[in-house]
Each structure stands twice: as C-alpha cells, then as structure tokens.
Amino acid sequence: MTDTIRIEPLRRVDLRRCAELERALFPNDDPWSESAFASELDWGHFYLGAHTGELLVGYGGLSLAGAPGDMEASVHNIGVDPVWQGRGIGKALLRGLLGRADDERAQVFLEVRTDNAAAIALYEAHGFATIGLRRRYYQPSGADAFTMVRPARVEDTT
C-alpha cells in the first residue's frame, strides 16, 4: 500500500510541525522557528505543504518581488521529513513553487549547501545553474552555499 501525498497551500496549523522538521533537518545551523514561518505567511510569501492524512511531511516556500512583468522569485526553503525522503516529495514541492514563479514569469534564485549533492542535483534537473558561492552562509555551522538561478519561463506565443 502506498501513502497518498497531497501538495497544498501550507496551513497555519502546520507551522509547529514545520519548526519541528527544521530542528530535525538543520540541527547544526539556525533552524526556523514557528514564528519565523508565521512571519513568512504574514508577509504573503507562497508556501506549500506536503501532507499524508493530517501529517505534514514536507514544506517549501517562495517569495516574489518586483512589478508585474518584471518579477523575481527566491526559494526560501524546502524540507522533507527524513522518514519520507526519497519518495519525490521534495521534487513535487519544488515543482509547485516553480509553477507559481512561472505564473509570474519570474527568474528564480536559491541558496543550497555546497555539500548537499541530492538537492543540487534536483535543482540542476529543474534548470538551475550555479552562479556564485557564499562562504560561511549557514550559521552557526559556517557551511558554504552555492547561489543558483533558473531563468524565467516565458510561454511561446507563436
């Protein structure tokens, strides 16, 4: 039997679980708190949650900035419960975030740990390219991050 995963807008009732997952996923850095996630929603950023039943097993967030027709997006985070990794949940969340950016024809930026080969491969498979290195980006671990970008997707109207 396979578990059904639903990708849907993140709910405020999920924020405590987001913070729990952050602590599990990023113990050597500065994991986001429940209030940090609440602030993201308050600012109107676009967040998705991955649910099986009522259990949140993953989340992802994106911000958009700029004027219509000249938007830029930034992936803030994607996290998947370690028990649920390897089942395509991160990919589904990323595709949902990119779909929102594509609706605005926005190029998309993100930072990723240089030692996170799985995430880098996922991003490259979705059109991202490395454009820079941020030394000691993640704190307090001091881990480096690559800055990656995916060009805006514009529909061909011909």
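In helix α1 (residues 15-25), the buried positions are L15, R17, C18, A19, L21 and E22; buried stands for under 20% relative accessible area, exposed for over 50%, and partly exposed for what falls in between, with a 1.4 Å probe and protein chains only. The cover over these residues includes α2 (34-42), β3 and β4, where contact is a matter of heavy atoms within 4.5 Å. Helices (H or I, at least four residues) and strands (E, at least two) are simply DSSP runs, numbered from the N terminus.

A word on the source: this is a predicted model, in which local features need pLDDT of at least 70 and side-chain atom pairs count only at pLDDT 80 or more, while totals for chains, interfaces and linings use all residues. Residues are numbered from 1 along each chain as its sequence is written, and side-chain values use heavy atoms, with hydrogens and water left out.

Stepping back to the whole chain, there are four helices and seven strands. Read along the sequence, they give the pattern β-α-α-β-β-β-α-β-α-β-β. The radius of gyration of the protein chain is 15 Å, which agrees with the value near 15 Å that a compact globule of 158 residues would have; the radius is taken over C-alpha atoms, and the globule rule is 2.2 Å times the number of residues to the power 0.38. Taken along the principal axes, the C-alpha atoms fill a box of roughly 45 × 35 × 35 Å. Of the 158 residues, 39% count as buried. Among contacts between residues at least 6 apart in sequence, 60% join residues at least 24 apart.

The chain carries 17 positive and 23 negative charges, and their mean positions are 3 Å apart. Here Lys and Arg count as positive and Asp and Glu as negative, with His and the chain ends not counted; each charge is placed at NZ of Lys, CZ of Arg, CG of Asp or CD of Glu.

Now for the inside. The largest nonpolar core has 26 residues, and V108 and Y123 have the most contacts within it. Such a core is a set of buried Ala, Val, Leu, Ile, Met, Phe, Trp, Tyr and Cys residues joined through side-chain atoms within 4.5 Å. At least two residues of this core come from each of β2 (46-52), β3 (55-67), β4 (70-80), α3 (89-103), β5 (107-113) and α4 (117-125). Helix α3 supplies the largest share, six residues. Leaving aside residues up to four places away in sequence, V108 touches L62, A73, V75, L98, A101, F128, M148, V149 and R150. Apart from this core lies another, of ten residues, with F37, L41, L56 and Y59 among them.

Beyond residues up to four places away in sequence, G90 touches I78, V80 and L122. G90 and G60 are 30 residues apart in sequence, yet their C-alpha atoms sit 8.3 Å apart in space.

Q107, in strand β5, is partly exposed because its relative accessible area is 30%. Setting aside residues up to four places away in sequence, Q107 touches M71, E72, A73, V149, R150, P151 and A152. Its C-alpha atom is 28 Å from that of E34, 73 residues apart along the chain. P27, in the loop between α1 and α2, counts as exposed because its relative accessible area is 54%. The C-alpha atoms of P27 and A106, 79 residues apart along the chain, are separated by 32 Å.

Most residues other than glycine have a negative phi, and most peptide bonds are trans. R105 has a positive phi of about 55° although it is not a glycine; R105 lies in the loop between α3 and β5 and counts as partly exposed because its relative accessibility is 44%. R136, not a glycine either, likewise has a positive phi of about 55°, and is found in the loop between β6 and β7. The loop between β6 (129-134) and β7 (145-150) also holds P140, which a cis peptide bond joins to Q139, with omega about 10°.
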